[in-house]
Protein chains: 4
Amino acid sequence: MTDKISFASDYQEGAHPKIIDALIRTNLIKSAGYGSDEFCQSARKKICAACNAPDAEVHFMVGGTQTNAVVINSALKSYEGVIAAESGHISIHEAGAIEFGGHKVFTLPHIHGKISADKIRELIENFEGDGNRAHMVKPTMVYISQPTEYGTLYSLSELENISAVCREKNLPLYLDGARLAYALATPKNDVTLADIARLCEIFYIGGTKCGAYFGEAVVMRKNFIPHFFTIMKQHGALLAKGRILGLQFDTLFTDNLYMKIGEPAIKAADKIRTALKNRGYELYFDTPTNQIFVVLDDKKLARLSNAVEFSFWEKLPPNKTVIRLATSWATQDSDVENLIKNL
Amino acid sequence: MTDKISFASDYQEGAHPKIIDALIRTNLIKSAGYGSDEFCQSARKKICAACNAPDAEVHFMVGGTQTNAVVINSALKSYEGVIAAESGHISIHEAGAIEFGGHKVFTLPHIHGKISADKIRELIENFEGDGNRAHMVKPTMVYISQPTEYGTLYSLSELENISAVCREKNLPLYLDGARLAYALATPKNDVTLADIARLCEIFYIGGTKCGAYFGEAVVMRKNFIPHFFTIMKQHGALLAKGRILGLQFDTLFTDNLYMKIGEPAIKAADKIRTALKNRGYELYFDTPTNQIFVVLDDKKLARLSNAVEFSFWEKLPPNKTVIRLATSWATQDSDVENLIKNL
Amino acid sequence: MTDKISFASDYQEGAHPKIIDALIRTNLIKSAGYGSDEFCQSARKKICAACNAPDAEVHFMVGGTQTNAVVINSALKSYEGVIAAESGHISIHEAGAIEFGGHKVFTLPHIHGKISADKIRELIENFEGDGNRAHMVKPTMVYISQPTEYGTLYSLSELENISAVCREKNLPLYLDGARLAYALATPKNDVTLADIARLCEIFYIGGTKCGAYFGEAVVMRKNFIPHFFTIMKQHGALLAKGRILGLQFDTLFTDNLYMKIGEPAIKAADKIRTALKNRGYELYFDTPTNQIFVVLDDKKLARLSNAVEFSFWEKLPPNKTVIRLATSWATQDSDVENLIKNL
Amino acid sequence: MTDKISFASDYQEGAHPKIIDALIRTNLIKSAGYGSDEFCQSARKKICAACNAPDAEVHFMVGGTQTNAVVINSALKSYEGVIAAESGHISIHEAGAIEFGGHKVFTLPHIHGKISADKIRELIENFEGDGNRAHMVKPTMVYISQPTEYGTLYSLSELENISAVCREKNLPLYLDGARLAYALATPKNDVTLADIARLCEIFYIGGTKCGAYFGEAVVMRKNFIPHFFTIMKQHGALLAKGRILGLQFDTLFTDNLYMKIGEPAIKAADKIRTALKNRGYELYFDTPTNQIFVVLDDKKLARLSNAVEFSFWEKLPPNKTVIRLATSWATQDSDVENLIKNL
């Protein structure tokens, strides 16, 4: 707790009230363990329906790094690696979980967190044309985030292009949707869950940052990774009381809650962006989702720090700093007003 | 859900009502991520106090297999292995998570889940005396469970003997307390949390099976495994909203709840054991905790299956079967009565 | 070097003179690297012919532990394990190379190093019948040695039985032939290279202990492990000057040298066995190959140690010791005479 | 074999005649296994003397990728990574052996294969200053090659600068000397073996490319990696007949052979470089060792390919190609003459 107004991240609060209701309502019902319970089954059905993917497999895991590690490490053979943006979460901020699992992350340059179909093609064709390729890790999967770690979005046509090159080159496309609710809630987004399910072999729908206590729902082509249950167990990624994950996602996918849960975050972020521009602040780049990147000189930085919690993003030499403000499903109007007053 | 009375496991319900209260009460408080929040801090202090170990480190993880894998794999060097009972959870039922992390599990014969100081000494001295030991995995850690997977308990003197041989031979002793609340709640137990903290280098206090939604609290000697935070992250074992773990353990260690939470399970199990004996059922062996192992012939097995959910344990050729009934912190008197009626 | 007569192992000398000749003869010929040279090609052809397996893949590696680790770890999926004798080389004396690669070794009791088809079947059927098998490592490969670590041999009918249960249960059978030349050279053996190639999915023909400086030749069903070249590279198991391996195996498989190279070892061992029996020594058990296991009391042990180098095998309480004498392709008659004089 | 003159690599021939002599001379001497023999002991002493490092540990392994993987993976803790040039052998051409062992390779931009002390410092200080560093792999070792993969050399002052920043930042410095003999043989080099031993915590002296059949000698500070013998065994990197490695290095370090063995390669390369320049060929950049990089247009490329074997290095769009010619300790004058005639 702090007296400052906090825009430090989108995982600072507990869970959406409807999730608490569901936990209370079902607390003493006995159910089977490890995700074989009725709540998980119900959540799976609703997620498949929302993705227009009736035959997809849905598995629930606890957090994003765990999900990325289990998926990528079990999808790849020992001599294979995954392609990601230099700024990708797996490239930097997962303490090397992919390498720890034995695999190389090939990094591509990014523009505000996004990579392009062309750069993927170029990397693959360089590999294909290299006479030493049998001595090299084979790039065989592509990892992207929607929204990206920079809050930006792939448009439908960009995603289609990436998917097309992946299919041409026989690379499964894996999408990290840790903050997917914030993409779905912004009018600037033209990519639906069904598009993602159609264009990716595997992806996950984020719960932790999108209104759940915790939890991520992996959606994959049927049997894309055989024996996934045992693989999850082996990674310590199988929750005994799997129902807790099932209940949260069942709630998030009842009455379209997941499609709307990000709206307050987007409205708050838009209001903050407008206020920043009006007061002459420089946005590092424009983002359509719940993350806002602002360039501050040292004086402004010092002043804002007194009243507001935010994330340091990067230094811009000689004397500027990029910070990040993040709104969430739980952001209150009063906090936004308060922030704006302090700009 | 099922119409049968279920004694299938001790993780069939949600969480203790006081945990739900704590989650509701704090839901919109903003807190820092990854276990650095005030709730985790408070829980850590209470756990250290309960363990009479003011300088211990406390880390929260999500489940038992995850905890065992992170602890053991990061405590061991590549050429080292861990000693466990043949029946140990890590030996059989964790899908090879220890081997997946690169380490051999040396198994010892067990008596109802327990291993002995003498057998540990013998294994170590055989290794020390083997001229080929530089070509062999070095056994350098001991894993035990309290209660064991068979519901039995190490007495204080047994635990002291094991600890003594471990210290003589320089082997850290690691205790898996997935069901520790059920040990602490039975009058037949003479091992306190403070004893465990004194005799083991590292252990975990189970939440998942003891009234929490999920979560295990690792207690270890200060700096026993340096950089443990990053190691947890790398294993996908660091919860973003760590507060949810902190809140659960803070509740369990407020007003001694954890010491008492297993009592209804023990009372229910004792009542069931008495009823079984009175009706001429054969107990496979006597257990002082919340697990009951019953030997059934095929006829009784069929009959009981109609009304009751339980776990299959093992076949006793030619025509008998051992089953397990498990009570929990949430077991209702009415379920016990109902079960007894159906015996 | 030592003044004692040494029967300590079968890898104490350099290489068969014909191998030296081949190295000298070809020393300044330039050839391509990594096993793509003409000598490897020639060796592969000769090995396929000797195995009556024209379509087999042949890969050369440097040593036995390396070969076992690369083969087993790349043949298994992460949740799979390998079955071996408790006394198997991979079970004990490879410093945990299989577990280091992520996999469990399931051990079966052995009789003088051998396991049986029945015990394999029992282990598999126990797994198949276990309700918790999705939480367990899946046994999916069988490892045997011919000769075993105890110098014993599987008969053709034993090997056929093992192969049959493996095929019924869909388990690849992998045979470690570190000392295969000594099996092929004894008249008590009825298993040919062609039998092994027919009954096993993969096996290796040992060079290091059978007259080469070093090297093992893996023979496997075509494409049994795809991308094996890159997998070898990744394990550090791909020799740059692969020709050195090719030349050694090309020599060993020219004019049937490999079939005969073990004969001096067998003759020497037989002579020693007869002498031991004649002088009232107790053989621990009878072996048909180049390893001899003798039971000695403390007095005889002390006396023999003065003149002869051998391997300690195990203690037989209260006061006896089992030692191992090993002959080799290079054992000299004079050494045998000398040993016998010292009995 | 080929009718073309081959300058494809420096591992195309067998071994230096003195090595063959040593093998022949000692062939039937019996010696102990696994590197405990007298030849290894002698080689160790001579190497320590040549490095002016009387207390160093010397271990022999078979090849470069194996050596890099065993050293780096056992020196690093699970959450640590190694810094290397983008062009480093471990970064590209070892099939991901470092990542396979669980570790990230941090790549730095290079100038003709070399990295600088400044770039290392910058990477470390960025890490130290990053608020999220506990979620990141920690860079804790530096890998360089001498000569580099591009045939270039670190000067003594460059190496001292790198060593200084490594020691200031507590990063062990590891030097890959796969082609070290070619550095030692060129007059442009001012870095001695003793300098390397003084400035690096660990390095290896290459045998495979420098006149041995195979083998690399790791030189490290005493006890820099405890239990290294067992670690080698576990990686399949311990040769049973270790004497073969000992004999080769004992020969290479007798009468300063290793210091001179590269001289023919340097003379040949210098002669080729001069001829190329005289005939108007463009060198991609100037190298002082046994590798020559030449820029060819398509026409010249086609013509040269008819008569000469070389390595493709990279395309220079639109229509040029960089090729590599490599000389070796075994390069004959006649081959050089022949090549020059064909330019």
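Predicted model: local features only at pLDDT ≥ 70, side-chain atom pairs only at ≥ 80, totals over all residues.
We begin where chains meet. Chain D and chain C touch through 45 residues of chain D and 46 residues of chain C. Together, chain D and chain C bury about 4400 Å². Of that area, 59% is on carbon and sulfur atoms. Charged side chains take part as well, and there are four salt bridges between chain D and chain C. In one salt bridge between these chains, Asp335(D) pairs with Lys30(C), and the closest N and O atoms are 3.3 Å apart.

Chain C also has a contact with chain A. Here 15 residues come from chain C and 15 residues from chain A. The area that chain C and chain A bury between them is about 1400 Å², with 60% of it on carbon and sulfur atoms. How many salt bridges are there between chain C and chain A? The count for this pair of chains is zero.

Over all chains, the whole structure holds 76 salt bridges. One salt bridge is formed by the side chains of Asp335(A) and Lys30(B), with 3.3 Å from N to O.

Next comes the packing of helices inside a chain. Two packed helices are described by the angle between their axes and by the distance between those axes. In chain D, the axes of helix H1 (residues 17-26) and helix H11 (residues 243-252) come within 9 Å and cross at roughly 130°. H1(D) and H11(D) are therefore oblique to each other. The crossing of H1(D) past H11(D) is right-handed. On the H1(D) side, the contact is made by Lys18(D), Ile19(D), Ala22(D), Leu23(D) and Thr26(D). They meet Arg243(D), Ile244(D), Leu247(D), Gln248(D), Thr251(D) and Leu252(D) of H11(D). Sorted by type, the residues of this contact between H1(D) and H11(D) are six nonpolar, three polar and two charged.

In chain A, a contact is made by helix H2 (residues 38-50) and helix H11 (residues 243-252), whose axes come within 7 Å and cross at roughly 35°. Is the crossing of H2(A) past H11(A) left-handed or right-handed? H2(A) passes H11(A) in a left-handed crossing. H2(A) contributes Phe39(A), Cys40(A), Ser42(A), Ala43(A), Lys46(A) and Ile47(A) to the contact. From H11(A) come Arg243(A), Gly246(A), Leu247(A), Phe249(A) and Asp250(A). The residues of the contact of H2(A) with H11(A) include six nonpolar, two polar and three charged.

Pro317(A) and Pro318(A) are joined by a cis peptide bond, with omega about 5°. Pro318(A) lies in the loop between strand S12 (311-316) and strand S13 (320-326) of chain A. In chain C, a cis peptide bond joins Pro317(C) and Pro318(C), and omega is about 5°. Pro318(C) is found in the loop between strand S12 (311-316) and strand S13 (320-326) of chain C. In chain B, Asn52(B) has a phi near 50°, which is a positive value in a residue other than glycine. Asn52(B) is placed in the loop between H2 and strand S2 (57-61) of chain B.

Methods:
Residues numbered from 1 in each chain as written. Chains lettered and ligands numbered in written order. Heavy atoms only, no water. Axes fitted to C-alpha atoms, helices over the stretch in contact; angles between N-to-C directions. Helix = DSSP H or I, 4+ residues; strand = E, 2+ residues; numbered from the N terminus. Parallel < 35°, antiparallel > 145°, perpendicular 65-115°, else oblique. Left-handed = near helix turned anticlockwise from the far one by under 90°. Contact = heavy atoms within 4.5 Å. Nonpolar A, V, L, I, M, F, W, Y, C, P; charged D, E, K, R; others polar. Buried area = accessible area lost by both parts, 1.4 Å probe.
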